[in-house]
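Visitor: Could you show me how to read burial, cores and helix geometry in a model of this kind?

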Amino acid sequence: MRFGDAWNSLRRAQKGKRGVSLYSRWVNRPMGRVFAAGAAAAGIGPNAVTAISALATVAGLVVVAAVPTSAVTGVIAAALLVVGFALDAADGQVARLTGASSRAGEWLDHVVDAGKMVGVHAAVLIGFTANGRSGGAWLLLPLGYALVAVILFAGLTLYSLLAPASGPTPPPSTLRAVLLLPADYGILAVAFVLWGAPEVFLAVYAALLLATTGITALLARKWFRSLAGASVPVQS
């Protein structure tokens, strides 16, 4: 398959925009589409794309946790995390384009995502400690962020599995897409360009944590009410 053919096919077969932040809609998915077209043209399968995504993310986290803090390391870490996230959007597109979708591939994608949700904040925690921020108050930030990230990821994943089929999907809301930005992993990845300015990064990191906590609470409330009102038998 040629790159141009793959690109055109992917442009016509994108996921819906509803419930997706502006970053994922306008930055991450288009980047993922480029990677997906390239992977399809090169004969790289979706599971291999998932593995490359994981490697890019791990490399970025190693930079955060183990490399001395500087403006350069912040840019490198952010670039690796952004690329890893875009590749995460690419694996599913490759699977749909090539007809290689599978339960195993979807499982692998979710497992890598779950590891990423915890790993990014573990790297921040290690980075804080390595740079002399070993006080209890500083350590609570990445620990709290990891907790909120896991709840949001698990809540969204389980809701997608348990929610009953709905009627026609309403059009996407631009306001909702803007309000979801702080909870988008891509925004956190971009924030690492500030890693070389610790005080600024801490302020942005704390603000993202606060906003993500509020978004998670509101979404959890909505998801619970939706499931509580659904009369669908669940197998245990």
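Guide: What follows takes a few features in turn, each with the general idea and then the case here.

Guide: This is a predicted model, in which local features need pLDDT of at least 70 and side-chain atom pairs count only at pLDDT 80 or more, while totals for chains, interfaces and linings use all residues. Residues are numbered from 1 along each chain as its sequence is written, and side-chain values use heavy atoms, with hydrogens and water left out.

Visitor: Which residues of the largest nonpolar core touch the most other members?

Guide: In soluble globular proteins, nonpolar side chains tend to be buried together. A nonpolar core is here a set of buried Ala, Val, Leu, Ile, Met, Phe, Trp, Tyr and Cys residues joined through side-chain atoms within 4.5 Å, where buried means under 20% relative accessible area, exposed over 50% and partly exposed in between, with a 1.4 Å probe and protein chains only. The largest such core has 30 residues, of which Val-124, Tyr-185, Leu-188, Phe-192, Trp-195, Phe-201 and Tyr-205 touch the most other members. At least two residues of this core come from each of helices H3 (46-66), H4 (71-98), H5 (103-130), H6 (136-162), H8 and H9, helices being DSSP runs (H or I, at least four residues) numbered from the N terminus. A second, separate core of 11 residues includes Ala-36, Ala-37, Leu-87 and Leu-97.

Visitor: What is Tyr-185 in contact with, leaving aside its neighbours within four places in sequence?

Guide: Contact means heavy atoms within 4.5 Å, and with those neighbours set aside Tyr-185 is in contact with Thr-57, Leu-81, Phe-85, Lys-116, Met-117 and Val-120.

Visitor: Is Leu-181 buried or partly exposed?

Guide: Leu-181 counts as partly exposed because its relative accessible area is 22%. Leu-181 is found in the loop between helix H7 (174-179) and H8, and, leaving aside its neighbours within four places in sequence, is in contact with Ser-21, Leu-22, Tyr-23 and Ile-187. Its C-alpha atom is separated by 9.3 Å from that of Leu-208, 27 residues apart along the chain. Arg-25, by contrast, lies in helix H2 (residues 22-42) and counts as buried, because its relative accessibility is 12%.

Visitor: How many residues has H4, and what span does it reach?

Guide: The expected span of a helix is 1.5 Å times one less than its number of residues. H4 has 28 residues and reaches 40 Å from its first C-alpha to its last, close to the 40 Å expected. Just after H4, Gly-99 takes a positive phi of about 70°.
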